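Here is a short report on one protein model. Keep the sequence and the structure in view while reading.

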Amino acid sequence: MRLQWVIAVLVLVVPLVTAAAPDEVLETWDPVQNTSEPYWINTAEFAVSSYNKHEKKNLVFESVVKGKTRYEVTGLYIVLVIKVKDGSLPSANYDVGIRDKYAGPADPLHLIYFRKRPLKFYLDNVQ
Ligand SMILES: *[C@@H]1O[C@H](CO)[C@@H](O)[C@H](O)[C@H]1NC(C)=O
């Protein structure tokens with residue numbers, strides 16, 4: 001009787017565990033290899049100007065620190081850490097998320113989020 005329970009649990013649980021695996025494949029991120037390439041610079045500049053426009057700020061883009069991308073049905077999801085200057089404050093890193101919808105030259109990029117990165121020592125392990 002007890003063995004039957006063990007088998008029943010395995011039959012129910014094992015497919016759930018293995019079924020989760022394909023999703024992880026979709027979660028794969030590709031690192032940005034060369035942060036100086038025009039595509040990343042343009043994307044970062046788009047994020048800053050978009051943020052400035054919506055928030056009536058005057059941040060100045062400085063450089064792309066690092067980044068990663070993921071293919072999604074709706075387009076390429078781009079996550080960048082960028083260095084930004086805010087007036088006379090010291091340069092600070094910002095986390096930005098952008099989607100490139102492959103919509104052609106008309107309106108391909110969409111800003112998803114833009115936020116100042118908390119102090120580094122909290123986030124050494126965060127990509
Ligand atoms: C990175 O990209 C820049 C701009 O396209 C280029 O000048 C530079 O040679 C590249 N660096 C590497 C290591 O490929």
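## Terms and model

Two strands count as paired if DSSP finds at least two bridges between them. Helices (H or I, at least four residues) and strands (E, at least two) are DSSP runs, numbered from the N terminus.

This is a predicted model, in which local features need pLDDT of at least 70, side-chain atom pairs count only at pLDDT 80 or more, and totals for chains, interfaces and linings use all residues. Residues are numbered from 1 along each chain as its sequence is written.

## Confidence

The score pLDDT is the predictor's confidence in each residue, from 0 to 100. Its mean over the protein is 83, and 70% of the residues reach 70 or more. Among the elements, helix H3 has the highest mean pLDDT (97). Helix H2 (residues 21-26) has the lowest (53). Where pLDDT is low, the predicted coordinates should not be read in detail.

## The sheet

Five strands make an open sheet. Their order is S1-S2-S3-S4-S5, and the pairing is antiparallel. Strand S1 (30-31) and strand S5 (109-116) stand at the edges; each has a single partner strand, so one side of each is left without a neighbour in the sheet. Strands of a sheet pair through backbone hydrogen bonds.

Strand S2 (residues 60-72) is joined to S3 by eleven bridges. The two form a hairpin with two residues between them. Val-64 has Ile-82 as its bridge partner in S3.

Nine bridges link strand S3 (residues 75-85) to strand S4 (residues 92-100). Ile-82 pairs with Tyr-94 in S4. Val-79 has Gly-97 as its bridge partner there, and Leu-76 has Asp-100. S3 and S4 form a hairpin with six residues between them. In that turn, Gly-87 has a positive phi of about 60 degrees.

S4 and S5 run antiparallel and share seven bridges. Here Gly-97 stands opposite Tyr-113 in S5.

## The nonpolar core

A nonpolar core is a set of buried Ala, Val, Leu, Ile, Met, Phe, Trp, Tyr and Cys residues joined through C-beta atoms within 7 Å. A residue is buried if 20 or more other C-beta atoms lie within 10 Å of its own, exposed if 12 or fewer, and partly exposed in between; C-beta atoms are placed from the backbone.

The largest such core has 16 residues. Those with the most contacts inside it are Ala-44, Ala-47, Leu-80, Ile-82 and Val-96. Helix H3 (38-55), S3 and S4 each supply at least two residues of this core. S3 gives the largest share, five residues.

Two residues are in contact if their C-beta atoms, placed from the backbone, lie within 7 Å. Beyond its neighbours within four places in sequence, Ala-44 is in contact with Phe-61, Val-64, Leu-80 and Ile-82.

## Lys-101

Lys-101 lies in the loop between S4 and S5. Is Lys-101 buried or partly exposed? Lys-101 is partly exposed, because 14 other C-beta atoms lie within 10 Å.

The C-alpha atoms of Lys-101 and Gly-75 are separated by 4.4 Å, though the two residues are 26 residues apart along the chain. Not counting residues up to four places away in sequence, Lys-101 touches Thr-74, Gly-75, Pro-108 and His-110.
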